[in-house]
Structures are given as structure tokens and as C-alpha cells.
Amino acid sequence: MVLLELAVRLNCVEYKNWVKAGHCLLLLRGCLQGFVGREVLAFHRGLLASAPALGPRAACCGGLRCSPRARQFQPQCQVCAEWKREILSHHTNRNGDVHWGNCRPERWPLDAWEVAKAFMPRGLADKRGPEECDAVALLSLINSCDHFTVDRKKVTEVIKCRNEIMHSSEMKVSSVWLQDFQMKIQNFLNEFKNIPEIVAVYSRIEQLLTSDWAVHIPEEDQRDGFECEAGVYLSESQVNEIEMELLKEKLQEIYLQAEEQEVLSEETSIRLELVKEFLRNNEDLRNGLTEEMQKLANLSLQPQKLVLGAFGGDS
Ligand SMILES: [Zn+2]
């Protein structure tokens, strides 16, 4: 049953492209995590070296009054005020949106990652390190923090592609689009020629994108997890895992969007409706996403705006 549904989905070239593109994002995330983690520590060390007063002995004395909310942060103590100033001075988007709500300012003197989150998109308050972040969070950090010396245009190009993947209402991208994506990823990865683990991932991405990506659906006595040398074959469960990751990210984004709106906008409702429609037709995926759908349903929005009935009762 599951295999049948998957086979039907992958018969559609554009859907297969969409999953491939998503797989690239996962590979990208994987190769950036270690690098970003190390750089964030170095960035934090650098900040403390140039401003020792911000170091581990500095303590916020504003208590709850020093709690940021969404894009708002009015520090109530000197330590937080100085930290805010310091963070902004390294922010390439300092006049735009800074999602202070991601951070626990009292942790800034001790925890490099709490500082890093000020350079990331909304909704990451509970992420404790790069290993818990998706590609766009890491790319945004690289883009927004001047500690990273890269051609920012190449970073934003990849971010733009990522958003197109996530916002694709039908979860499809064309083969031409995919080629373009490959070029943009390559341009981005070329910025990190001295980081072996990032260089290494390029050949995997290239193989993935240029191959027909024959998905190996095991039959009868063949076991799961078969992968050929080139890494081009994926087992059914591997493909499924990628699909789930992508859909989770998509739902999380809709959730964050919905959370910000008092009344669900038409755009958000349509996005949500389309995912629901897709999941209605793909039971194998739907069953793994009940938690995410429930989270959306629980948003205390006007009930008539969030029509989640079709999921509420599903088992
Ligand atoms: Zn404070």
C-alpha cells in the first residue's frame, strides 16, 4: 500500500524533482551544521575578547523584564543593552527584522548559540544548536552575521530557491528549475573551498540532481536500505523520510505564518488547504504528520478560519 502510493507520487517528474530538491537541502544542512557550530563559537569568543565586560561573569539583572517578544526587545539592564548593541553591530540586516524572540538574552554571556539565533528567522527559540536547525536557519545566519565572509548574493539565491521549494503549492518543481537550483547551490558551495566537508557534499548533490534518481523499491525478499555505490539509489523508506522532513518543514512554516496572523489570511488558508488535500490522497504521509496537523488545529484562531475537521477525526 505504502509502496504503491509512493510509486504513484514518484511517477510525476515534477514531484520527484521537488523531493530531490528537498534532499539537496537536507544534504546542505548536513554539511553546514558542523561548520556553523564551530564558527558560532569562534564568533562568540571574538565578541568576548573585544568586549570582556560581556563575558560569562556579566549577568542580566532585568529578569523577566529583559524578555524579548518576536521582533521587539527593549533591554531593561545594561548587560542586555550592550549585548543588543553588539549583536546589531554585526547584523547585516540591522535595520530590518531581527527576531529577538528567538533568544534568551540572559544566556548571551555564556551560550554562543543564543547569540546566533538573533541572526536567524523567527520560530527557533527552542533550538539548542545547529544540529536542530534546518537549512534555511543556517543559511540565514551565514547571510545575516558579518562574521561569515561570503558573497551574500550567493547565499540569498539559495535561500530564495529554498523558499520556492517550501512555497510550491503543489509540491512540484520543473526540471529547468532544478538545473538552476543546482547551479546556485554550486555557486554557494564554491564559497567554502577550504572546508572539506562542504566541498565533499557537492559531488553527492551533483549525482543526485543529474541522475534519473532511480528509486529502488524493494520487492519480495529484498531488504530495505539498499544503496548503490554512487548513492543514487534510495530505498523507499529513505525517500519517505525525505518527504516527511519536507512536509514537516512546510507545515511548520504555515504554522508560524498562521501564528502571526490574528485572522488567517487567504494565502495561508490556501496553502494549508492544498497540503491537506495532498495528504488526504497520501495516507502513508498523513499518518506520520498527525502531530503537526494537530498543532495547527490547536492554534487558537477563529475556528471557521482553520478548517481542520478533516484531520481532527483521523486516526
Ligand atoms: Zn537583561
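This is a predicted model: local features need pLDDT of at least 70, side-chain atom pairs count only at pLDDT 80 or more; totals for chains, interfaces and linings use all residues.
Q: How does the lining of the second largest pocket split by class?
A: Six residues are nonpolar, five are charged and three are polar.

Q: OK, switching to rings. How many aromatic pairs are there in the whole structure?
A: A search of the whole structure turns up 11 aromatic pairs. Take Phe35 and Phe192: they pair edge-to-face, at 5.3 Å centre to centre and with 75 degrees between the planes.

Q: Where do Phe35 and Phe192 lie?
A: Phe35 is in helix H2 (residues 13-50), while Phe192 is in the loop between helix H7 (175-189) and helix H8 (196-210). They are 157 residues apart in sequence, so the pair ties those parts together.

Q: Buried or exposed, Phe35 and Phe192?
A: Both Phe35 and Phe192 are buried.

Q: What about Trp83 and Trp108, how is that pair arranged?
A: That one is tilted, with 6.2 Å centre to centre and 45 degrees between the planes. Trp83 sits in helix H3 (residues 78-89) and Trp108 in the loop between H3 and helix H4 (112-116), so the pair ties together parts 25 residues apart in sequence.

Q: Why does Trp108 count as buried?
A: Because its relative accessibility is 0%, and buried means under 20%. Trp83 is buried too, with a relative accessible area of 0%.

Q: Which residues form an aromatic cluster?
A: Phe35, Phe148, Phe188 and Phe192 form one cluster.

Q: What sits over the ring of Tyr255?
A: The charged end of Lys295, 4.3 Å from the ring centre.

Q: On to charges, then. How many salt bridges does the structure hold?
A: It holds 22. One of the salt bridges joins the side chains of Glu243 and Arg9, at 2.6 Å from N to O.

Q: Where are Glu243 and Arg9 in the chain?
A: Glu243 is in helix H9 (residues 236-260) and Arg9 is in helix H1, so the pair links distant parts of the chain, 234 residues apart. Both Glu243 and Arg9 are buried.

Q: How about Glu114, which residue forms a salt bridge with it?
A: Arg104 does, with the closest N and O atoms 3.1 Å apart. Glu114 lies in helix H4 and Arg104 in the loop between H3 and H4, so this pair ties together parts 10 residues apart in sequence.

Q: What about Lys154 and Glu191, where do their side chains meet?
A: They meet in a salt bridge of 3.2 Å, N to O. Lys154 is in helix H6 (residues 152-167) and Glu191 is in the loop between H7 and H8, so the pair ties together parts 37 residues apart in sequence. Lys154 is partly exposed at 26% relative accessible area, and Glu191 is partly exposed at 25%.

Technical notes. Residues are numbered from 1 along each chain as its sequence is written. Side-chain values use heavy atoms; hydrogens and water are left out. Ala, Val, Leu, Ile, Met, Phe, Trp, Tyr, Cys and Pro count as nonpolar, Asp, Glu, Lys and Arg as charged, and the others, Gly among them, as polar. Rings of Phe, Tyr and Trp (its six-membered ring) pair if their centres lie within 6.5 Å; planes under 30 degrees apart count as stacked, over 60 as edge-to-face and the rest as tilted. Helices (H or I, at least four residues) and strands (E, at least two) are DSSP runs, numbered from the N terminus. Buried means under 20% relative accessible area, exposed over 50%, partly exposed in between (1.4 Å probe, protein chains only). A charge sits over a ring if NZ of Lys or CZ of Arg is within 6 Å of the ring centre and within 35 degrees of the ring normal. A salt bridge is a side-chain nitrogen of Lys or Arg within 4 Å of a carboxyl oxygen of Asp or Glu.
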